[in-house]
Amino acid sequence: MIDIGDGLRLRAVEAGAGPLVLMIHGFPGLAYSWRHQMQPIAEAGWRAVAIDCLGYGGSDRPLDPALYAADRMQAWLLALLDHYGAERAVIVGQDFGAQYAWNLAVRAPERVRGLVTTIPYDYDLAGRALLGGAERRPRDAPPEPAMASPDRRPTERYAAMAAEHFVHFHYFQTVGPADRELGGALADYLRRSFHALSADGDLWAWKGLPSEGAGYLDALPAAPPLPWPWLSEGEFARFVAGYDHPDPMRRMIGGLNSYRTADANWELGRAWADHDVTVPTLFLYGSADPSFGFFPDWEVRMRARVPGLTGIVTIEGAGHLVQQEKPEAFNAALLDFLGRLR
């Protein structure tokens with residue numbers, strides 16, 4: 001348990017000794033999401049550290065969404081580096097963890113030795129699709145139903161999406177309904193979400209569901225029984241236990257509050273929207289990641305905005321949870337990148 005300031009603590013798991021490799025999960029995830037990476041990184045001569053992000057697992061779970069905004073998350077991550085005495089670290093991020101990792105590389109590049117991410121730069125929930133800070137549409141134009149854009153705040157765009165069909169970005173903005181729904185069906189939600197995000201799932205089933213009166217469990221197809229090729233019953237039980245909390249409203253608070261910071265993060269990001277990523281960067285993603293339906297022209301844009309890019313590696317047969325679905329291929333690419341940073 002590590003004190004990160006403001007009376008808050010994060011839980012970290014560690015393996016090995018040497019230069020720091022900090023791994024940051026997304027939603028749904030935990031430090032346990034990196035279970036396949038810990039020992040290989042340690043055996044390669046690095047100090048592997050994976051955290052339960054704020055609001056998850058064994059870390060503190062405050063309710064205030066403001067504590068999850070990008071500036072606070074950056075402060076927490078820098079506090080972690082300071083705790084380990086690391087002037088610089090390799091940062092590895094997946095899903096929301098990729099958002100935090102990209103931000104750190106742009107806003108505090110002197111602390112980032114190298115960067116590994118699985119979601120394109122500036123396409124996160126509060127990004128601008130690598131288009132820079134200048135708005136491109138008239139202010140009186142209706143908001144586009146787009147996840148990332150320099151035009152209009154994220155919640156306005158999510159509402160435009162929700163006018164067409166259910167979308168969880170919009171549903172999660174209101175405190176209460178999603179907290180109660182998902183917190184009250186913990187195992188069912190995690191099972192459905194993991195499968196929908198995997199290479200074998202159907203995340204986009206929500207497009208056939210109207211927003212009115214719908215919850216996220218209505219939008220997520222039922223998942224097949226465990227075990228799956230990449231997730232055992234015992235591993236799944238670890239995730240359920242990690243998310244559980246006596247207060248149901250705190251079971252999913254880390255993930256839900258990360259969605260609720262979208263507008264604040266979009267405003268904070270304005271000052272950095274035209275900054276490129278210059279640190280050595282590996283982009284590593286699953287070929288069947290369903291979230292890439294949100295990322296048109298990502299490769300062309302990212303190659304132009306990430307001059308530090310050393311490679312793009314596609315992991316065949318993996319979805320959004322790439323480091324868990326195909327750990328051998330993921331680890332091979334990661335260790336090769338780490339070796340080139342020595």
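The legends below describe several close-up views of one predicted model.

Residues are numbered from 1 along each chain as its sequence is written, and side-chain values use heavy atoms, with hydrogens and water left out. Because the model is predicted, local features need pLDDT of at least 70 and side-chain atom pairs count only at pLDDT 80 or more, whereas totals for chains, interfaces and linings use all residues.

Figure 1. In soluble globular proteins, nonpolar side chains tend to be buried together. A nonpolar core is here a set of buried Ala, Val, Leu, Ile, Met, Phe, Trp, Tyr and Cys residues joined through side-chain atoms within 4.5 Å. Buried means under 20% relative accessible area, exposed over 50%, and partly exposed in between (1.4 Å probe, protein chains only). The largest such core has 97 residues, and those with the most contacts inside it are Ile91 and Tyr216. Helix α3, residues 96-107, gives the most to this core, with eight residues. Helices (H or I, at least four residues) and strands (E, at least two) are DSSP runs, numbered from the N terminus. Apart from this core lies another, of 25 residues, among them Met38, Trp46, Val92 and Ala318.

**Figure 2. The surroundings of Tyr216.** A contact means heavy atoms within 4.5 Å. Leaving aside residues up to four places away in sequence, Tyr216 touches Phe166, His168, Tyr171, Phe172, Glu181, Leu182, Tyr189, Leu203 and Trp206.

Figure 3. Rolling a probe the size of a water molecule over the atoms shows where empty space is left. On a 1 Å grid over the protein atoms alone, a cavity is a set of points where a 1.4 Å probe fits but cannot get out; lining residues have an atom within 4 Å of a point. Grid points are joined across faces, edges and corners, and a volume is the space filled by probe spheres set on the points. At least two lining residues come from each of α3, α5 (168-171) and α7 (186-197), and α3 gives the most, with four. By class, the lining has 19 nonpolar, five polar and two charged residues. In this division Ala, Val, Leu, Ile, Met, Phe, Trp, Tyr, Cys and Pro count as nonpolar, Asp, Glu, Lys and Arg as charged, and the others, Gly among them, as polar.

**Figure 4. The second largest cavity.** About 160 Å³ of space lies in the second largest cavity. Of its 15 lining residues, Asn103, Arg107, Asp122, Asp124 and Gly269 lie nearest the centre. Helices α3 and α11 (262-269) each supply at least two residues of this lining, and α3 gives the most, with five. The lining has six nonpolar, five polar and four charged residues.

**Figure 5. Salt bridges.** Side chains of opposite charge can pair when their charged atoms come close. A salt bridge is a side-chain nitrogen of Lys or Arg within 4 Å of a carboxyl oxygen of Asp or Glu, and by this rule the count comes to 19. In one of them, Arg111 pairs with Asp82, the closest N and O atoms being 2.9 Å apart. This pair links distant parts of the chain, 29 residues apart: Arg111 lies in the loop between α3 and β6 (112-117), and Asp82 in helix α2 (residues 70-83). Arg111 counts as buried because its relative accessibility is 14%. Arg303 and Glu299 also meet in a salt bridge (3.0 Å, N to O). Both lie in helix α12 (residues 298-305), four residues apart, about one turn of the helix. Arg303 is partly exposed, at 48% relative accessible area, and Glu299 is partly exposed, at 32%. Elsewhere, salt bridges that share partners join Arg153, Glu267 and Arg270 into one network.

**Figure 6. The largest pocket.** A pocket is an open set of grid points with protein on both sides within 12 Å along at least five of seven lines. About 330 Å³ of space lies in the largest pocket. Its lining has 24 residues, of which Pro145, Ala146, Met147, Phe294 and Pro296 lie nearest the centre. These lining residues divide into 14 nonpolar, three polar and seven charged.
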